[in-house]
Amino acid sequence: MHDNKDILILAIETSCDETAASVVKNGRVVLSNVVSSQIDLHKKYGGVVPEIASRKHIEKINPVIYEALAQSNMTLEDMHAIAVTYGPGLVGALLVGVATAKAIAFAAKKPLIGVNHIEGHIAANYIENHDFEPPFICLIVSGGHTHLVYVKDYGLYEIIGKTRDDAAGEAYDKVARALGIGYPGGPKIDELALEGDPYAIEFPRAYLEDGSFDFSFSGLKSAVLNYLNRSKMMGEAVNINNVAASFQQAVIEVLVTKTIDCAKQKRVNKIALAGGVSANRGLRQLMKKECEKEKIFLQYPSPKLCTDNAAMIGSAAYYDYIRGIRHGYDLNAIANLRLDDKS
Ligand code: KG4
Ligand code: ZN
């Protein structure tokens, strides 16, 4: 079943509220992908509570790794390397994965590879389309990040733009909280928007200065909160489907326009989406329509690979592995690790 030349990587991910482990072959074939989500635990607080996340990771990490190895029918002995997310993310959460990966690498005498979480999200695109390769433009939209990146080659990134305030997913979650529909808000707004009119309410689109590829979502978020407050004060009923659809339209129009403009400016005819918000149906649909118009190839992962998982970390780690990248036992968690920092 497996060739001697196959490279097998055990990957671990604990940067936020998902404890995840996966075995990935040659960066593209997922042999197991185990994700233990803490969403239910954080729901009542309306967001991720860092200390609770760390404590849950410590509890779950060993069973999750054990399960990932068992499902892949592999043992630690079979692995060529142990990969782990070491940033960006919640430092106390990251430390659980980093310490565990180091202990396993040391005990099993395997190389250790630290992976950037955002690089992992980008690599999720390699898993379901084995022919998909750089160069391409990648829009990474998650709860913590909104980046427009020119992926020149494996591991070679140019950040073209990023958010100046809230991440796209953060805006979804905050608007959802104001609507009283719970956490995480993204999937719920996605659902509500299906039955709403995206042009019912005119919310602002922040394109920023001419030629800028940066994003800003805090103004839009405030506009939605103001709209809700004003409606309440005037005693007017709020159609939450229309609010969700109109808010979403304002987010995705900006994301799509800037991503397409970036591809045209860089003369790249491939675009990929990544991160939790890239599971959004409105975003996928509009991006697909605009890419078809411009004859740009569009790639995006299935929803399970858009949100946090360890398979994407195993994929990114493979390309580091074949380039000879290894980390020492002094690897530490870096909460604000940059995508273009390869130290
Ligand atoms: O990538 P991810 O799992 O974690 C981070 O690295 O942040 O992204 C989580 C974010 C949350 O803000 C969640 O509301 C959003 O992704 N999200 C969505 C959808 N599914 C998840 N946002 C919009 N539409 C969705 N279908
Ligand atoms: Zn993520």
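Predicted model: local features only at pLDDT ≥ 70, side-chain atom pairs only at ≥ 80, totals over all residues.

Modeller: Two strands are said to pair if DSSP finds at least two bridges between them.

S6 covers residues 136–141 and S7 covers residues 146–153, and the two pair in the antiparallel sense over six bridges. Here Leu139 stands opposite Leu148 in S7. In general, the strands of a sheet are held in such pairs by backbone hydrogen bonds, and the pairing may be parallel or antiparallel.

These strands belong to an open sheet of five strands, whose order is S8-S7-S6-S9-S10. The pairing within this sheet is mixed. Its edges are strand S8 (156–162) and strand S10 (297–299), each of which pairs on one side only. From one strand to the next, the twist averages 25°.

Two helices pack on this sheet. Helix H4 (residues 117–128) touches S6, S7, S8, strand S9 (270–274) and S10. The direction of H4 makes about 120° with that of S6. Helix H8 (residues 240–266) touches S6, S7, S8 and S9, and its direction makes about 155° with that of S6.

The ligand may be considered next. There are 21 residues around ligand 1, and those that come nearest are Gly143, Asp173, Gly186, Asp190 and Gly276. Some of the contacts can be described atom by atom. A backbone N or O atom of Gly143 is 2.8 Å from an oxygen atom of ligand 1, and a backbone N or O atom of Gly144 is 3.1 Å from an oxygen atom of the ligand. Ser142 takes part through its side chain, where an N or O atom is 3.4 Å from an oxygen atom of ligand 1. Taken alone, ligand 1 exposes 550 Å², of which the protein buries 90%.

Finally, the wider setting. The protein chain is divided into domain 1 (8–123 + 306–322) and domain 2 (134–301). Their centres, taken over C-alpha atoms, are separated by 27 Å. Contact between them involves 16 residues of domain 1 and 19 residues of domain 2.

There is also an open sheet of five strands with the order S3-S2-S1-S4-S5, and its pairing is mixed. Strand S3 (29–37) and strand S5 (112–116) form its edges, each pairing on one side only. Its neighbouring strands are turned by 20° against each other on average, direction ignored. Strand S1 (residues 8–13) pairs with strand S2 (residues 18–25) in the antiparallel sense over six bridges, and Ile9 stands opposite Val24 in S2. Helix H2 (residues 50–72) packs on this sheet and touches S1, S2 and S3, while helix H3 (residues 91–108) packs on it and touches S1, strand S4 (81–87) and S5.

Technical notes:
Residues numbered from 1 in each chain as written. Chains lettered and ligands numbered in written order. Heavy atoms only, no water. Helix = DSSP H or I, 4+ residues; strand = E, 2+ residues; numbered from the N terminus. Axes fitted to C-alpha atoms, helices over the stretch in contact; angles between N-to-C directions. Contact = heavy atoms within 4.5 Å. Near = heavy atom within 4 Å. Polar contact = N/O pair within 3.5 Å; in protein donor to acceptor, adjacent residues only side chain to side chain. Areas by Shrake-Rupley, 256 points an atom, 1.4 Å probe, with all protein chains shown as cover. Domains from an automatic or database assignment.
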